[in-house]
Amino acid sequence: MMDYHIHPSYSADAKGTLEEFCGAAVDKKLREICFTTHLDSDPMRDDGFVMVRGERISVHDPSWFEDYENHVRTLGEEYFPKGLNVRLGAELDLYPGVVEDLPDAFHSTEFDLVIGSVHLIEHKAMSVREEAYSIFKKYGLEEVGNIYYDCIKESLTTGLFDVLGHLDIYRRYGEEFLGSGVHSLWESHIDDLSRMMKSCGVGYEINTSSMWRSLSETMPERDFVKALHDRGIQTVTIGSDAHQPSEVGKGISEALHLLQESGYSEVSVFSKRKSKSIPLDSFK
Ligand SMILES: [Zn+2]
Ligand SMILES: [Zn+2]
């Protein structure tokens, strides 16, 4: 199995070195992992930094990209003989104007995979309860859906990323504040969304973190996955969004199962931003 969404301690909200995550992945008998450290560059927020050996470094400083890349590639060589493929990735925070704000080193780093994720609406994070509340109070259900999916659709044309991260992230606090309508919020956007994903060659991930955090289903949830399958979206990665080594690989087998039930016969892995399909049958 693989885990294609992992945050090592370069992200301030994550614990565990790259080595510790690799060790945990081997213990859990994973065959492939992709580190996807946060790349947050919204100048209106104060989280545009990474941690390197306990020191805060601006996300725009090229030195951390070099450190991260070298470190991941070295571990890749060390762990390949132990049966683990280690990939270099990033989770890019998408917001209007992200193209202008990106660090130069982002473009010169040879990532295996870039996940594009919308976390923010008007610079407030939907993944943080208080911030989510202020957004939802201001806009209400339908408008939140319009702003969120418009941002995704606009970002799709940039070519900056390969898969969309945790597509219905607004569910994390959305149900509490906006009611059960959050479960069908994607329905009026799915045709446009899937058409654009296809024309831009972008897939999506099944993010399992919601299953053990506050929600019972993956992101996107079951019906949404099925709808994307039925509209011909073939490229799908699976990731736990682990922020500590003990979370690596969590929920991956359930997600593989979900893919199968939704009509998929393959799951995607990436190398140098090119996808490869692995038959789901090979995990039995
Ligand atoms: Zn995210
Ligand atoms: Zn993440």
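Is Asp191 buried, partly exposed or exposed? In this predicted model, Asp191 has a relative accessibility of 49% and therefore counts as partly exposed, since the exposed class begins only over 50%. The side chain of Asp191 meets that of Arg231 in a salt bridge, with N and O 2.8 Å apart. This pair links distant parts of the chain, as Asp191 lies in helix α7 (residues 190–200) and Arg231 in the loop between α9 (222–230) and β11 (236–239), 40 residues apart.

The count of salt bridges comes to 16, and another of them joins Glu32 to Arg87, whose closest N and O atoms are 3.1 Å apart. Here Glu32 belongs to strand β2 (residues 32–39) and Arg87 to strand β5 (residues 85–93), 55 residues apart. Glu32 is buried at a relative accessible area of 7%, and Arg87 is buried as well, at 18%.

A zinc ion (ligand 1) is held by Glu91 (OE), His119 (NE2) and His166 (NE2), at 2.1 Å. His119 sits in the loop between β6 (113–117) and β7 (120–121), while His166 sits in the loop between β9 (163–164) and α6 (171–178), so the two histidines tie together parts that are 47 residues apart in sequence. His119 counts as buried at 10% relative accessibility, and His166 counts as buried at 1%. A zinc ion (ligand 2) lies 3.4 Å from the zinc ion (ligand 1), and Glu91 coordinates both.

Key: Residues are numbered from 1 along each chain as its sequence is written. Chains are lettered from A and ligands numbered from 1 in the order in which they are written. This is a predicted model: local features need pLDDT of at least 70, side-chain atom pairs count only at pLDDT 80 or more; totals for chains, interfaces and linings use all residues. Side-chain values use heavy atoms; hydrogens and water are left out. Donors are N, O and S atoms within 2.8 Å of the metal (3.2 Å for Na, K and Ca); water is not among the atoms, so sites may look incomplete. Helices (H or I, at least four residues) and strands (E, at least two) are DSSP runs, numbered from the N terminus. Buried means under 20% relative accessible area, exposed over 50%, partly exposed in between (1.4 Å probe, protein chains only). A salt bridge is a side-chain nitrogen of Lys or Arg within 4 Å of a carboxyl oxygen of Asp or Glu.
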